[in-house]
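Work through the exercises below with the model open. Each task is followed by its solution.

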Amino acid sequence: MSQFWKPGSDRPRAALLDDEEGGVLFFSTPSADYGYSNHEKQRQRLPVFKYRTSILYLVENHATTIIVGETGSGKTTQIPQYLKEAGWAAGGRVIACTQPRRLAVQSVASRVAEEMGVKLGEEVGYTIRFEDLTNPGVTMVKFLTDGVLLREMMNDPLLTKYSVIMVDEAHERSLSTDMLLGLLKKIQRRRRDLRLIISSATIDAKSLSSFFHTSRKRHGEAGDACEPKMLPAILSVEGRGYDVRIHYLEEPTSDYLQAAVSTVIAIHDQEPTGDILVFLTGQDDIDAAVQLITEEAQNLRRNSSGLIVLPLYSGLSRSDQDLIFSPTPKGKRKVVISTNIAETSLTLEGVVFVVDSGFSKQRFYNPVSDIENLVVAPISKASARQRAGRAGRVRPGKCYRLYTEEYFVKEMPAEGIPEMQRSNLAPCVIQLKALGIDNILGFDWPASPAPEAMVRALEVLYSLGILDADAKLTSPTGFQVAEIPLDPMISKMILSASLLGCSEEIITIAAILSIQSIWVSVRGAQKELDEAKLRFAVAEGDHVTYLNIYKGFLHSGKSSQWCHKNFINYQAMKKVVEIREQLNKIVQRLGIVLKSCEGDTQVVRKAITAGFFAHACRLEAFGQGGSYKTIRSSQEVYIHPSSVLFRVNPKWVIYHSLVSTDRHYMCNVISINPSWLIEAAPHFYQQQKPNPAAF
Ligand code: CDP
Ligand code: MG
C-alpha cells in the first residue's frame, strides 16, 4: 500500500498520537482542497471530514479501526469515498460497507453514487438479497447487507476481492453483524492485507477492541513493514448536534398510536416550522398513523394543507424513498413516520421535532417453547437517546417521549440485548456449518448465544434432515438448504416440493412469504378488504389462497388496476414476480426443474409441512379465532384476524410465523392432516433427540 496517499496530499502531520495502550488519540488535521462542486462543499462540512487524513492513516496502519460518531456525521457516506480516493479500490479491489438493513443499503448507495457523480450500479453499487446492482470489475465501492456478505463467504471464504470491509451500525448488534464480526476476525488472521472498519453511533468501543485484539504475538515485535498493527485503533468523531429539549408524558398512555397522532397535530398547531419524525414500530401502525394524521388534519382544517405525511419502513419503493429525502417545500411541514430505521441508519435533514413511542418491533426467541416471534417491545435508554438526537440536526429541537420520566429513569433498560441472544439460531448454525465451522459452541462470538438455543437449533436442523446425528451437513439436503438464501424451513419446503412435484407452486409461496404483506393496508375499509380476500380465499388456508392471487395477477396481465380493485399492493406483487424469478434461478442451479402439481393442493400442503412441521398446532376451543396449542410445547396460540382461516378453525394447522401483542397470533396458516406430520418428521414427534455432544 505504498500508493496509499492521494497524489498531491500531504502525509498527516505529527498530529496523531499513537497510544499503544488503548488506541489512538486525535487532533484534527487541516483539510485538503478537493474541488468546489456543491456536493464537495457539503461533504467538507460533515464532521468526519476533519478526520479524513487520520482515518486513512489508521486504516493503513491497523488491521482494525473502530470509528464511533454521531448519526449524521458522515461515517457511512464519506468513509468509503475517502478509501476509494486513497487508492484502496485500485487494481480491481473492492471496498465493502455493510448495513443491517436493506433499505439503508439502497439509500446510502444511491446517495454516494450521486455525490461521486456516477451511475448507481457502476463504480458505486449495492447488493441486497434478490437484488444485485453491481458491475463486477467496475464497482469499487459496494454497499451490502451483512447477511449478503455472509453468503458471499460461502463461495469466497476469505472474501478476497475486498480490500477494506466496513461493518457499519455495529451498535445495533444484529445477528448477522455479530456473526460477521466473529468470522472477519478469523479471516483477518489469514489475510494481513485486509482492513476492517467497525463503525457505529454508540458502542462500547473498548469491548469490541478487546474482541479484535488477539494477544497472539506474531513475527517478533518489529514485524514486516507492511504488517498492520493488530491492536485496533479507536477513533471518535465529535458530533455537532444541537440541544434537544425532552418532554415526557405526565401520565402513561395505553395507546401510543393515538398519543403520537395527537402530539403531531399539537406540534403542527403550536410550533414554528420544522419537520417532525415519529418513531412507531412497523408497517401496520405506521400506515394507520399516516391515515389518522392526514384525516385529523383535514377534519380540523387548520393548516392541513401544510402537512406532508410520509411513512418510512423497509419495502418502500424507490420513489417513496426519494420523497422522504427530498427537501421540504417552503411553507410546508414534513411528518415522517418511521420504524427504528431512522434511529441511526438514515439521517433526515430538517427534523426539529421527534415523537418517540418508546417501542420498536423486536425478534424474540424462547428456546424452551421453541417459539420465535416479533414483539412490540420497549426500547432501551440508548435507543431513546439516539431517537431524541435526531431532533437536533439543524437547530435546537424538541423530543416528545410518549412515556413518563419516571418510566424512563426507573424502568427502561440501559441497553438492548444483542439479537444473537434472542433469536432462533437455526439459520446461523447452518451457515457456520456450511463455512466449515464445526465447533459452534466454541466459536468466538462478540456475544455468546444461549447454549439451550444452540441445542434447539441443532435439534430442529436434525429433524429437518439438514444435519446428521454428528451435526454435519447432510448431502445433498443440508448443502442444498445452505445454498438457498432463505430460512432453512422455507428452503426445506422448496426441496421437498421438488420431490413432491409442486415446485412451481411452492416457489410462488416462498416469494410471497418473503414479502411483508401483499395487501394494501386500509384503516376504515377493513370490510372491503375482507370481502376482497374472500374472492380468493380457500379452506386450505393462506398459502393456497396466495396461489390464487398470484394466478389472478398473472391472468390480469400483471395489471395495476386489477390489484387496486382487489386491495392488493401492486408494488408488492411486482416484487413477488422478481423474487420468484431469482428463486427460480437459485433452484435451477441446484438442478431442480420447476414442475406444477396442477391444482393438487394436498401435495402443496405436504411440502409446506415438510418444512414447517415444527409449527403444527391443534384446535383447543372453537370460536372466532379459536384457541390452539402448539404440538411441540403446548403454547396457547390464536389465528390472526388477517388469516383466511380466522373464522374457519380447522382442527390441525401449521403456521408460518407468530406475532405477539396480548396473545401469540399465527400469521399465514394452512390446514393439515396430522398424519403428514409423522410422515414428514417421525423423529421430531417421537421425541428422539440427536446427541448434543456432537456440537
Ligand atoms: O453514517 P452517518 O450517520 O455518520 O452519516 P451519513 O449517513 O454518512 O450522512 C451524512 C450526511 O449525508 C447527512 O447530513 C445526511 O443528511 C446526508 N445524506 C443525505 O442527504 N441523503 C442521503 N440519502 C444520505 C445521507
Ligand atoms: Mg451511517
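**Exercise 1. A pocket**

What volume does the second largest pocket have? Then describe its lining.

The model is predicted: local features need pLDDT of at least 70, side-chain atom pairs count only at pLDDT 80 or more, and totals for chains, interfaces and linings use all residues. Residues are numbered from 1 along each chain as its sequence is written, chains are lettered from A and ligands numbered from 1 in the order in which they are written, and side-chain values use heavy atoms, with hydrogens and water left out.

*Solution.* 
- Step 1: define the pocket. On a 1 Å grid over the protein atoms alone, a pocket is an open set of points where a 1.4 Å probe fits, with protein on both sides within 12 Å along at least five of seven lines; lining residues have an atom within 4 Å of a point.
- Step 2: take the volume, the space filled by probe spheres set on the points, with grid points joined across faces, edges and corners. The second largest pocket has about 1,200 Å³.
- Step 3: list the lining. It holds 41 residues; Arg-111, Phe-325, Thr-347, Leu-348 and Glu-349 lie nearest the centre.
- Step 4: assign elements, where helices (H or I, at least four residues) and strands (E, at least two) are DSSP runs numbered from the N terminus. Two or more lining residues come from each of α1 (38-45), α3 (75-85), α4 (102-116) and α10 (318-325). α4 gives the most, with six residues.

**Exercise 2. A sheet**

In what order do the six strands of the open sheet lie? Find its edges.

*Solution.* 
- Step 1: apply the pairing rule, at least two DSSP bridges between two strands. The order is β11-β18-β15-β12-β14-β13, with parallel pairing.
- Step 2: look for strands with a single partner. These are β11 (244-248) and β13 (307-312), so one side of each has no neighbour in the sheet.
- Step 3: β13 pairs with β14 (residues 333-338) over six bridges, in the parallel sense. Leu-312 stands opposite Ser-338 in β14.

**Exercise 3. Backbone in the loops**

Which peptide bond is cis at Pro-476?

*Solution.* 
- Step 1: read omega. The bond from Ser-475 to Pro-476 is cis, with omega near 5°. Pro-476 sits in the loop between α15 (451-463) and α16 (477-483).
- Step 2: move to the loop between β5 (124-128) and β6 (131-133), where Phe-130 lies. Phe-130 has phi near 70°. At 12% relative accessibility, Phe-130 is buried.

Conventions: Buried means under 20% relative accessible area, exposed over 50%, partly exposed in between (1.4 Å probe, protein chains only).
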